[in-house]
Amino acid sequence: MTWSATERYALEPAPGGLAFVQDLLNTSPAGRPRHADWLDDPTTAQTWLSEALARWSTASGRPAPAVDLTDRDCEALRDLRWALRRLLSDQSDGAEAVSAQVLAALPALSVSMQVDERGAVVAEPSGSGWRRVASLALIECLQAQQTDQRRRLKICRNERCQCAFYDRSRNNSGVWHDVRFCGNAANLRAYRARKREQAASGE
């Protein structure tokens, strides 16, 4: 079983449970040709979520939570996805504070703290519907933050792409999911824009 939303963009998944967050982000329409939004309707969203939770269970060694989605859950998950994308984009751009709009879309959520059979304290997602999914995503963000991996999960800076990718560069300097395609395309657009500005100003 694979991380299907991430795989459709031919991307390598982030390590461990952070790949669940990446896969949630990659349910967005992106790429060329444009792929569909997998959170547009409950049937497609449920199919993606069931597969992603099963994959998360394999990656984490913990049982997959049961979540049934409604139309309202799909809308809330799209808001959550947008907020996570903004959060990652802003932080990779060096923003010093999170906007109120993003914070409002990332509400406080409940988690359950338990001790597993190995004696380790683990955080388990709580709630139902979209709240359970959001709880799981934020737990994985927290754990990745503690291992300094979260800052490597990024949104491609190419506005026509914006896939979520895991930056494996040595100094965490990547801004494109693929330099050959998105990087070259963005640089070419910037070059053409500069030429137009020069022509307009008569330089």
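A: We may begin with a term: contact means heavy atoms within 4.5 Å. Please keep in mind throughout that this is a predicted model.

Q: With that term in hand, which residues is Phe20 in contact with, leaving aside its neighbours within four places in sequence?

A: Phe20 touches Trp3, Trp48, Leu49, Ala52, Leu53, Trp56, Val133, Leu136 and Ala137, once its neighbours within four places in sequence are left aside. Phe20 itself is one of the buried residues of α2.

Q: How many of the residues of α2 are buried?

A: The helix α2 is mostly covered, for 8 of its 8 residues are buried. They are Leu18, Ala19, Phe20, Val21, Gln22, Asp23, Leu24 and Leu25. The cover over these buried residues includes α1 (4-7), α3, α4, α6, β3 and β4.

Q: How should I read a nonpolar core, and which residues have the most contacts inside the largest one?

A: In soluble globular proteins, nonpolar side chains tend to be buried together. Here the largest nonpolar core has 40 residues, and Phe20, Val21, Leu25, Trp48 and Leu49 are those with the most contacts inside it. At least two residues of this core come from each of α2, α3, α4, α5, α6, β3 and β4 (164-166). The largest share, 8 residues, is supplied by α4. Apart from this core lies another, of 9 residues, among them Tyr9, Ala30, Cys156 and Phe165.

Q: Since α4 has been named, what is its reach from the first C-alpha to the last?

A: The helix α4 has 22 residues and spans 32 Å between its first and last C-alpha, close to the 32 Å expected at 1.5 Å a residue. Just after α4, Gly94 takes a positive phi of about 85°.

Q: Which residues of α4 are buried, and what do they pack against?

A: The buried residues of α4 are Asp73, Cys74, Ala76, Leu77, Leu80, Arg81, Ala83, Leu84, Arg85, Leu87 and Leu88. They pack against α2 (18-25), α3 (42-60), α5 (100-105), α6 (130-146) and β3 (153-155).

Q: How should I read a salt bridge, and how many does the whole structure hold?

A: Side chains of opposite charge can pair when their charged atoms come close. A search of the whole structure finds 7 salt bridges. One of them joins the side chains of Asp90 and Arg86, at 3.5 Å from N to O.

Q: Where do Asp90 and Arg86 stand in their helix?

A: An α-helix has 3.6 residues a turn, so residues three or four places apart point the same way. Asp90 and Arg86 are separated by about one helical turn because they are 4 residues apart in helix α4 (residues 71-92). Asp90 counts as partly exposed at 22% relative accessibility, and Arg86 counts as partly exposed at 27%.

Q: Turning to the salt bridge of Asp116 and Arg118, which partner is buried and which is exposed?

A: The side chains of Asp116 and Arg118 meet at 3.1 Å, N to O. Asp116 is buried, with a relative accessible area of 16%, whereas Arg118 is exposed, at 68%. A further salt bridge pairs Asp148 with Arg151 at 2.9 Å, N to O. Asp148 is partly exposed, with a relative accessible area of 42%, and Arg151 is partly exposed at 45%.

Q: What is the volume of the second largest pocket, and which element gives the most to its lining?

A: The second largest pocket has a volume of about 270 Å³. Of the 18 residues that line this pocket, Leu138, Ile139, Cys141, Leu142 and Arg150 are the closest to its centre. The element that gives the most to the lining is α6, with 6 residues. At least two lining residues come from each of α4, α5, β1 (111-115), β2 (121-125) and α6.

Key. Residues are numbered from 1 along each chain as its sequence is written. This is a predicted model: local features need pLDDT of at least 70, side-chain atom pairs count only at pLDDT 80 or more; totals for chains, interfaces and linings use all residues. Side-chain values use heavy atoms; hydrogens and water are left out. A salt bridge is a side-chain nitrogen of Lys or Arg within 4 Å of a carboxyl oxygen of Asp or Glu. Buried means under 20% relative accessible area, exposed over 50%, partly exposed in between (1.4 Å probe, protein chains only). The expected span of a helix is 1.5 Å times one less than its number of residues. A nonpolar core is a set of buried Ala, Val, Leu, Ile, Met, Phe, Trp, Tyr and Cys residues joined through side-chain atoms within 4.5 Å. On a 1 Å grid over the protein atoms alone, a cavity is a set of points where a 1.4 Å probe fits but cannot get out, and a pocket is an open set with protein on both sides within 12 Å along at least five of seven lines; lining residues have an atom within 4 Å of a point. Grid points are joined across faces, edges and corners, and a volume is the space filled by probe spheres set on the points.
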